[in-house]
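Hello,

Here is the structure we talked about. My notes on its aromatic residues follow below.

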Amino acid sequence: MTIQQSIPVPPEAVQPADAAPSAEAAARVTPMMEQYLEIKAANPGLLLFYRMGDFYELFFEDAEIASKTLGIVLTKRGKHQGVDIPMCGVPVERSEDYLHRLIEAGHRVAVCEQTEDPAAARARGNKSVVRRDVVRLVTPGTLTEDTLLDARTNNYLLAIARARGSAGTDRIGLAWIDISTAEFIVTECATGELAATLSRINPNEAIVTDALYGDLELGPLLRELPAVTPLTRDFFDSATSERRLCDYFAVATMDGLSAMSRLEATAAAAAVTYIDRTQVGKRPPLSPPSREAAGTTMAIDPATRANLELTRTLSGERRGSLLDAIDCTITPAGSRLLAQRLAAPLTDSAAIARRLDAIAAFVADSAVRDDVRTTLRAAPDMSRALARLSVGRGGPRDLAGLRDGILAADAALAQLARLENPPPEIAAVMEALRRPSRELAREFERALSEQLPLIKRDGGFVRESYEPALDEARNLRDASRLVVAAMQARYADLTGVKGLKIRHNNVLGYFVEVTAQHGDKLMAPPLNATFIHRQTLAGQTRFTTAELGEIEAKIANAGDRALGLELEIFERLSAMVLAASDDLRAAAHAFAILDVATALAKLAVDDNYVRPEVDGSLGFAIEGGRHPVVEQALKRDGQPFIANACDLSPVSPQAGEGRMGAGQIWLITGPNMAGKSTFLRQNALIALLAQIGSFVPAARARIGIVDRLFSRVGAADDLARGRSTFMVEMVETAVILNQASERSLVILDEIGRGTATFDGLSIAWAAIEHLHEANRCRALFATHYHELTALSAKLPRMFNATVRVKEWQGDVVFLHEVLPGSADRSYGIQVAKLAGLPAPVIARAKSVLAKLEAQDRGQTARALADDLPLFAVPSRAATEAAPPSEAEQLIEALKALHPDELSPREALEALYALKAKLPKS
Ligand code: ADP
Ligand code: MG
């Protein structure tokens, strides 16, 4: 210590960047560096934003990283152990922007502030270093600022805990929190379900134990997340989890919160402990953890999500996704809720009906719908404003937002009261909107000015005559300003310079300014006795005077006092908000529900959607179904979308085994570009929309709850993970064949495309058999292997369908109509012609095809018969001419019957006729 005291250390905030320490000092650590290194060591893995005056400075490796990521200049500041210290800095005022970019780039930042006035440090002796402390760790999963968040998506922090079981029975506990909206959810799943669960939650940051992070099986899955933070075991200590949760929620026992499994509680405690750490003592209020029971949402794995382009297209954009097509919400909170619902469709038909009822009410009453939507336009993002205020990062506009929210609640209530018979979801919304205290809004109306600054330190947000003491301080400040104005007039007289001005900036404070031509005059006697030169700019010269300095101090004092009073008022109003936070949060959530319900109703009306019938059957009957995204795209080009029916309902309920008849498999053939993929996807999307409780793009839809949705496309490229495309295709197909249940809906698009013809055909063949016999699920299978159509003869629940095309003067015309039957050929050459292949190439291809077809006939059939002993495959010619199977005939006959129009005798005859059609065996 004595040695260090002997080293001259200038007051650090003004120490020049290139202060050259003596050779002796070079080997020493300055007190400031000592402090820096200590704080840095306490926050490993984070970039340290070290506050110095108006800048956050970064040193050493941090500076190198930040300068590279942010594109800012890397300088140096003094030496550490004889070596230059690399440094870069960001101005505090613009630090949010820089933070945003660092977080985006995957970094985490510790923000270290000066916790005392530099004057106080000097008072302790001029070698003292200003006290500093880390006030917050900024990580991707713990953000609250609007500038750092995407308004339309949740920002989840996810804690993942694992409990070891005997081989293959490990369980995973998950807890995810959005501190910007206070949402807190826990659940449990098996390790095999983790991928699907992660893609559903879509966290911005996950926290795990070091052990899990390094796990051979789960580690790679975790590392695909945008950010993963490995933590020490104590975060995930199950013995202390309950105590830590109680502590966070300031309750004595967890009983009042929610029933959680031990594993869920472990994850939940890790999440709140991490939030506690990152917010350094401030605890954003959270909703009590709500538990998501297993099986209450439709399971959708990551490949299916990507494939169906639910929230992003395959190329990664929001535009063109299902979410983009259906999102007519007005508020950010509504948009977030819709995205949440889309990520987790329900499996409980009663809960689905509740949502559908609300939409139906707004479909029926367009006047109320439009009025409510107008009100929503004025409703701010209350939950995020609330979160910011609760961690002390709120501003005057957040208070105003809550005021406007409460006022909007009154408007919405008046509008909703006009609904004849509000269904339960809307009734609950109304109840929540009544909760926030109106007195709070009135108080805020009285307190807040019309024009509000972004940050509270700018002051001026409290209305005149709200608080007498504040008015007094402001009057004093303003009176002094009048004195300044008088002084300006007097100085102008004194100097004879008409254009003399008294101005103010943050560096000089108040100063006298004259144009350069008058500068010399003020610097010469006698005026230089009064005017002290401060600064010469290109066009102006600036001066100060003793008198101005005195006035300045007075103004600053009155200003400080006014600002101090305003900040006190701000704290008081914030405290009122926090006391009412439960009610405000409930109202905020109610607005989001209202937004989603009215938005989906508007979509239903605008795009002609109908209410689906969702029940516990295994039915799946769509009439006039459309693809929501393709339809919109075609509409923009003035093209119609051709609606198509799809019926995968069980053919007949089977007796015995106590199970319902399994659903159908449709095999769809047809040329490229005919519309096979579109048809497959539209049916999956209709099921999904129905289960999020939305109307659907169809003329009629009846859907038995789907527990899992699977969608695969043959030979999808997945170069990023370094697997061959065919390998990916097979891995994904294996998942389906292993997991799909009778209740699942499976969409397979050109599976088997990624390998040689016979290989691919065989795999597709066996996969269909397995789906039919073992999975027994409802399925759609598009293929270019015409040979597969032969399967319908053997598999009673498999049917052939084809997308119609017409040949017109040698060209192929796509009609996009899905009909029973199979495609007669692939029209590959016609499609190639459409695509603009040169005429000679087309002509040559035609002649090659003719030869190949002539040769191929006998061989293909023989080869298949050898390869696939299970089924003798008829020749291609026979396939094309194949008469409808008995089952198909039976169905056609049944479909043609209209019981209501039959006399008893006719009915009896029909029954005999049906019986006669039965297979003879
Ligand atoms: P396939 O999978 O058979 O090659 P796609 O499903 O990819 O064909 O469809 C090709 C294009 O045809 C789509 O991009 C779309 O523009 C159009 N299309 C598909 N289905 C329809 C339909 N039902 N109505 C109108 N256009 C359609
Ligand atoms: Mg296709």
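Tyr912 is exposed in this predicted model, because its relative accessibility is 60% (exposed is over 50%, buried under 20%, partly exposed in between, with a 1.4 Å probe and protein chains only). Tyr912 sits in helix 33, residues 904–917 (helices are DSSP runs of H or I, at least four residues, numbered from the N terminus). Together with Leu908 and Leu911, Tyr912 makes a nonpolar surface patch of about 370 Å². Patch residues have over 30% relative accessible area and no salt bridge, and nonpolar side chains are joined within 5 Å. A salt bridge here is a side-chain nitrogen of Lys or Arg within 4 Å of a carboxyl oxygen of Asp or Glu. Areas are Shrake-Rupley values.

Now the rings. The whole structure holds 12 aromatic pairs (centres within 6.5 Å; planes under 30 degrees apart are stacked, over 60 edge-to-face, the rest tilted). Tyr50 and Phe59 pair edge-to-face, because their planes stand at 65°, with centres 6.0 Å apart. Tyr50 is buried at 0% relative accessible area. Phe59 is also buried, at 0%. Ring pairs join Tyr50 and Phe59 with Tyr36 and Phe60 in a cluster.

Two arginines lie over ring faces. Arg51 is 5.7 Å from the ring centre of Tyr56. Arg223 is 5.3 Å from that of Tyr213. The cut-offs: NZ of Lys or CZ of Arg within 6 Å of the centre and within 35 degrees of the normal.

Residues are numbered from 1 along each chain, chains are lettered from A and ligands numbered from 1, as written. Local features need pLDDT of at least 70, side-chain atom pairs 80 or more, while totals for chains, interfaces and linings use all residues; side-chain values use heavy atoms, without hydrogens and water.

Best wishes

Note on methods:
Patches are made of residues with over 30% relative accessible area and no salt bridge: like charges are joined within 9 Å, nonpolar side chains (Val, Leu, Ile, Met, Phe, Trp, Tyr) within 5 Å. Accessible areas come from the Shrake-Rupley method with a 1.4 Å probe; for residues, only the protein chains shown count as cover. Helices (H or I, at least four residues) and strands (E, at least two) are DSSP runs, numbered from the N terminus.
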